[in-house]
Amino acid sequence: MINSNQNLKRRSSKKNKIVPNRDDRHDLVQFRLAYTNRVKLNDSITEVKGVGPEAAKKLNNLGLKTVNDLINYYPRRYDDYSEVLPIAKIMPGTVSVRAKILQVKGRYVRRGMHITEAVASDKSGSVKLVWFNQPYRAASIKPDAEYFISGQFELNYRRLSIMNPSMELVSLFPVSTARIVPIYPETKGIKSLQIRKIMKNIMPSIKALKESLPSWLIVEHGLISRAEALLAIHFPENGDELTKAKKRLGFEEVFELTLASLLNKYQIADETALKIPFNEKLAKDFVKHLTFKLTDSQRKAIWQIYKDLERTQPMNRLLEGDVGSGKTVVATMAALMAMEQGFQVAFMAPTELLARQHANTIHRLLEPLGYGGQVSLLIGGLTPKQKTEAHRRIKDGSIRLIIGTHALIAEKVNMHKLGLVIIDEQHRFGVEQRKKLQAKAGHALHVLNMTATPIPRSLALTLYGELDISVIDEKPVNRKPIITKLVSPTDRLKVYEKIKKELSGGRQMFIVTPLISDSDVLDVASAEKTFEEVQSDFSNYKVGLLHGRLKAEDKAKIMQKFVDGELNILVSTTVIEVGVDVPNAAVMLIENPERFGLAQIHQLRGRVGRSSDQGYCYLMLDGNQPPSQRLRALESNSDGFKLAELDLELRGPGAIYGTLQHGQLDLRIAKLTDTKLIAQARASAQNFIDKKESLSQYPALHKNVSALQAVTTLN
Ligand code: ADP
Ligand code: MG
């Protein structure tokens with residue numbers, strides 16, 4: 001495996017005369033394929049040589065439908081087999097040789113295990129090859145042919161042999177041997193090898209790809225062409241080429257993303273929203289009625305929001321604050337100002353459960369000021385009568401704050417002077433949804449997005465350049481940091497004793513498991529099984545079970561029971577992750593914590609310690625493996641932002657997906673920690689706009705950027 005480009009460069013710089021260079025190979029491949037028609041980008045994969053109906057089905061399962069999809073299916077990693085050596089010169093480790101096979105035989109050994117052994121020989125000597133459980137090997141070997149053989153040369157049963165090598169007839173373009181071999185993500189039934197063979201067949205199409213970026217950009221940053229980059233990402237000739245390919249493709253990714261987000265920003269800024277003037281007396285009145293003092297960062301955030309609302313340029317602000325930092329109260333203050341001016345506010349929560357919770361909280365906050373009667377819940381779970389009533393009062397404007405799920409957008413509600421939209425914890429409120437709501441309103445809207453997912457600065461700049469950001473970076477003063485402890489399985493009963501003390505004092509507890517039901521494949525705790533066990537381990541207490549497969553109304557019922565204190569323990573999957581506010585819950589126990597992301601566990605534990613009581617979070621390790629660095633970081637760190645940065649560093653480029661569950665925005669090549677690349681790509685995107693470049697001149701870029709524009713808005 002290639003760990004560093006450094007390493008690759010060193011190995012490949014040695015001239016290797018046994019294998020021709022790629023230009024020769026390409027020409028040959030192309031020559032051969034010139035007879036078959038070159039497949040076009042939008043052609044179905046079934047047009048590609050080597051893709052039969054079976055393979056097509058499997059590739060479809062990977063989301064690969066067209067030739068273009070295939071081209072954009074990048075290797076997960078590479079194995080460097082590029083150096084082909086005479087057998088006499090090979091050393092233990094990763095090796096490639098070019099040899100004939102002298103003898104080969106297969107046999108079954110104990111317990112059904114099959115071994116194939118062969119002897120490979122070149123002019124310099126011979127070496128033993130061994131395959132386990134590949135009985136087809138012996139029959140497929142041609143005695144007089146020359147092969148490239150690549151694998152691990154290692155000591156096995158006290159003899160040095162090449163173990164489970166890949167082998168192909170010597171040709172100008174081997175795909176699995178004698179080169180840097182691309183390793184593709186596999187799925188059931190389709191092997192990396194098969195994907196390599198298919199990729200080889202579409203190389204002429206890749207080679208013919210047109211440039212997608214403006215030429216001034218290519219020159220300015222010394223990038224290689226799109227075709228070169230894609231050829232090299234699949235079949236790199238050497239480490240240097242791979243580095244250049246990654247630079248080009250990584251740059252393009254970040255450039256497209258930031259361009260999309262900047263275009264959104266300018267587009268929104270051009271629209272006109274309703275002015276919501278600031279009423280100082282009302283704001284002061286609201287604060288006076290609170291039972292607590294606002295934190296400085298809450299004050300600063302609401303101040304920024306009020307300033308936005310006073311303008312006709314639509315607000316597009318992200319309110320970012322760790323779990324429990326008190327975002328709801330800030331949002332309520334924003335809503336109040338709009339309501340006072342006679343405008344309507346739509347407040348969207350990710351689940352009905354949270355919508356109900358918000359409606360209760362916000363009603364309580366606004367009641368003392370006389371605005372309680374203007375708040376209404378609008379969710380699927382209402383009775384028809386309640387719904388009709390809500391619709392009527394929304395239409396006539398006597399309801400000014402409507403709280404619901406994003407179904408609010410779909411509902412046939414006649415809004416009355418909608419001015420402000422508040423979105424809590426949703427990752428999929430895109431430009432499209434914004435447009436729909438605006439169409440309903442007949443004008444542009446102020447939008448406040450809220451998230452407890454701490455987004456590191458580099459990420460925020462890349463993905464959310466179009467958003468202004470307010471950060472609540474302190475917790476209410478009465479909070480004690482949650483005590484987080486890693487627990488080894490042998491200490492389970494001891495921990496249960498501690499938990500029982502809390503429970504007998506009237507506190508409540510969450511137990512979180514990765515799965516709903518037991519799995520045949522994974523040895524991981526399930527909610528159903530844990531529910532049974534907990535009922536006997538904690539026989540004096542009432543236990544509830546909550547998971548995503550329950551009906552919405554059952555979920556709401558169980559959650560309500562927990563909120564009302566009728567249940568002491570709630571066994572749950574991550575459905576409780578977002579927003580649930582039960583201040584009396586003091587303990588959380590997480591089973592198989594290695595199965596969760598760092599940011600996710602941090603979100604989960606934010607469900608406890610939401611009052612002046614001490615909160616506890618126990619991470620129940622599975623087996624006797626030492627805990628990972630990630631889990632230890634949770635023990636010593638309570639700052640969501642620091643953890644998010646760390647998560648990003650530890651997980652690398654795929655992290656956006658893990659953090660935001662937002663597949664379309666995954667960076668596949670660029671690393672978010674590569675601040676230099678990100679800065680360059682951002683500056684170029686700004687440049688593109690300043691130069692008044694038109695996207696329509698760059699069709700491929702246009703297509704990608706438009707798709708991204710539809711999703712880059714967080715929430
Ligand atoms: P989140 O930011 O996770 O949405 P919430 O808005 O649910 O947090 O607030 C968590 C709890 O903290 C609520 O019970 C809320 O009333 C309370 N709270 C909010 N601001 C303060 C504050 N400044 N001081 C004390 N408690 C506060
Ligand atoms: Mg919240």
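1. Let's start with strand 4 (residues 125-132), which pairs with strand 6 (residues 159-169) in the parallel sense over three bridges. Across this pairing, Leu129 stands opposite Ile162 in strand 6. Strands here are DSSP runs (E, at least two residues), numbered from the N terminus, and two of them pair if DSSP finds at least two bridges between them.

2. Before going further: this is a predicted model, where local features need pLDDT of at least 70, side-chain atom pairs count only at pLDDT 80 or more, and totals for chains, interfaces and linings use all residues. Residues are numbered from 1 along each chain as its sequence is written, chains are lettered from A and ligands numbered from 1 in the order written, and side-chain values use heavy atoms, leaving out hydrogens and water.

3. Strand 6 also pairs with strand 5 (residues 146-156), antiparallel this time, over nine bridges. Leu155 has Leu160 in strand 6 as its bridge partner. The two strands make a hairpin with two residues between them, and Tyr157 in the turn has a positive phi of about 50°.

4. On to strand 2 (residues 93-108) and strand 3 (residues 114-122): they run antiparallel, joined by eight bridges. Lys100 is partnered with Ser121 in strand 3.

5. Put together, you get a closed barrel of five strands in the order 2-3-4-6-5, with mixed pairing.

6. As for confidence, pLDDT (the predictor's confidence in each residue, from 0 to 100) averages 86 for the protein, and 89% of the residues score at least 70. Residues 1-18 are below 50, though. Residues 653-664 stay under 50 as well.

Definitions and conventions: Helix = DSSP H or I, 4+ residues; strand = E, 2+ residues; numbered from the N terminus. Contact = heavy atoms within 4.5 Å.
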